[in-house]
Amino acid sequence: VPQVAPSVKPATAASLLASMSDSADVTPAAAEAVVQEVKPEAAAEVKEEAKPEASVEAAVQEEAKPAAMEEAKPEAAAEAAVKEEVAVKEEAKPAAVEEAKPEAAAAEAAVKEEAKPAASAAPVVEVEMEDKEVAELDPLLKKQIEFYFSDSNLPKDKFLLNETKKTPDGWVSLKKISEFKKMRDMEATVPKLVAAVKASEFLVVDDKEENVRRTTALPDSDVTIPRSLVAEKFPLETTIEELQVFFSSHAPVLSVRLIKISEAGLESREGTFKGAAYVEFDTEESAKKVAAEEILYMEEKITMKTKEEHIKAAKEAKAKDDGKGKDSKKRSRDSSGGDEKDGDNKREKRDRAPKEKKEGDKEKDLEANYKAYPKGVFINVKGVGEGCTMQTIKDIYAQYGNVKFVEFREGQTDACVRFDTPEEAAEAVKCEADSKTEICGTVPTVSLVEGEEEDKKMEDIKARQMSKIGDKSRGG
């Protein structure tokens, strides 16, 4: 290896080093020896000239280091703080979990225990919220349902009284009551009736708010007679509501009933209003006080007497009529044994009687006197229970209108009911489809009589009525 003099210039030294490094014959140790013999200053110069770009880059990096370190210090400190906090949390986790386990378990158990009753009761609450509707109190509905169950009405209302006897405690379905004609006119619903019953002093609803009953027993006798009057001479178009308002201005009124008279002259629900009414007051004293007054209705003086006097007079009149009937029968029996002269007189009267009409004329008279029923007034009631009577069927369907006739024989299971109007018959069928009234232990099928069945029934009725008219015309 050639010796390099101390006086070798930097450029020459650099060139020499470069050629040595390129030579495959020069070993790293020889090259290092050359470097050692070169003066430090010269070596530094050689390095500076050999690596200018590296030196500049290194200088820049050296200058940037303090600033970078200064800028990095806060971020590094923050990062270190975060790492330390995370480490602390990680170390604390097992202890915290261990401490929290008993408390969490206890809290969870307590929540489950509290939730159990609520969970089991939840379905019931949901059903109640869906089914129940809160209604405001309607004073008119309250008055009407109290009247249905009152001492004044219930003992006389065969249908409703029969409903109370179907359960030991006397419960009656509110849904069924809401389907009464009067209730439908008042737009009654079960929630409205519940509100009315809750405001009553002598009626209660059951826990499900589906049924109603009295809280007091029915009296053994008719307590309404002493506190009732019979008032007469009202216009034929007068209504119950008008009379209630009118008499309430004189004393408290419990009920008003229009007196209807049949063609036979007897009181009947199917009869015609003739201008008289029963008026029931709150007490016997009130009734006597009103009876003693002179009262005008539409500028006409009305006549009044107590119901007791009315009943007494009716009994006396009936006894008198019965007596007349007995006397008439007695005279008839006495005359049957008359002499020949009496027989001649009878024959003479027959001879003076007009000659019988021709058959054609009689048929015309029968047709003229026959009153045909409108179509749609008949309903079939099929499947009534054992022990049912015609009156039971009539009482049940009278709530829908004026029942003119019930075709039924005891022991049968089917009946036919004739209403006064087609509207009443249709109403009965519609309501019974929902209420399904039980008759003597069974729920019958109710439907309108239509088509050929209705035509045949109309023909049969016409034939029977024509026969009766013919018998009357012949004096039979």
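Here is a short chat about reading side chains and rings in this predicted model.

Q: Let's start with Gln399. Where is Gln399 found?
A: Look in the loop between helix 15 (390–397) and strand 11 (403–407).

Q: Is Gln399 buried or exposed?
A: The idea is to check the relative accessible area: under 20% means buried. Gln399 has 15%, so Gln399 is buried.

Q: And what does Gln399 touch, not counting residues up to four places away in sequence?
A: Gln399 touches Phe159, Phe180, Lys181 and Glu432.

Q: How do I read a pair of aromatic rings?
A: You describe a pair by the distance of the centres and the angle of the planes. The structure holds 9 aromatic pairs. One of them joins Phe159 and Phe180: the centres are 6.0 Å apart, with 65 degrees between the planes, and that makes an edge-to-face pair.

Q: Which parts does the pair of Phe159 and Phe180 tie together?
A: Phe159 lies in helix 6 (residues 158–164), while Phe180 is in the loop between helix 7 (174–178) and helix 8 (181–185), so the pair ties together parts that are 21 residues apart in sequence. Phe159 is buried at 5% relative accessibility, and Phe180 is buried at 7%.

Q: Which residues do ring pairs link into a cluster?
A: Phe234, Phe246, Phe247, Phe281 and Tyr297.

Q: Last one: what sits over the ring of Trp171?
A: That's the charged end of Arg213, 4.9 Å from the ring centre. Likewise, the charged end of Lys307 sits over the ring of Tyr278, 4.5 Å from its centre.

Terms used
Residues numbered from 1 in each chain as written. Predicted model: local features only at pLDDT ≥ 70, side-chain atom pairs only at ≥ 80, totals over all residues. Heavy atoms only, no water. Helix = DSSP H or I, 4+ residues; strand = E, 2+ residues; numbered from the N terminus. Buried < 20%, exposed > 50% of the residue type's maximum accessible area, 1.4 Å probe, protein only. Contact = heavy atoms within 4.5 Å. Phe/Tyr/Trp six-rings, centres within 6.5 Å; stacked < 30°, edge-to-face > 60°. Lys NZ or Arg CZ within 6 Å of the ring centre and 35° of its normal.
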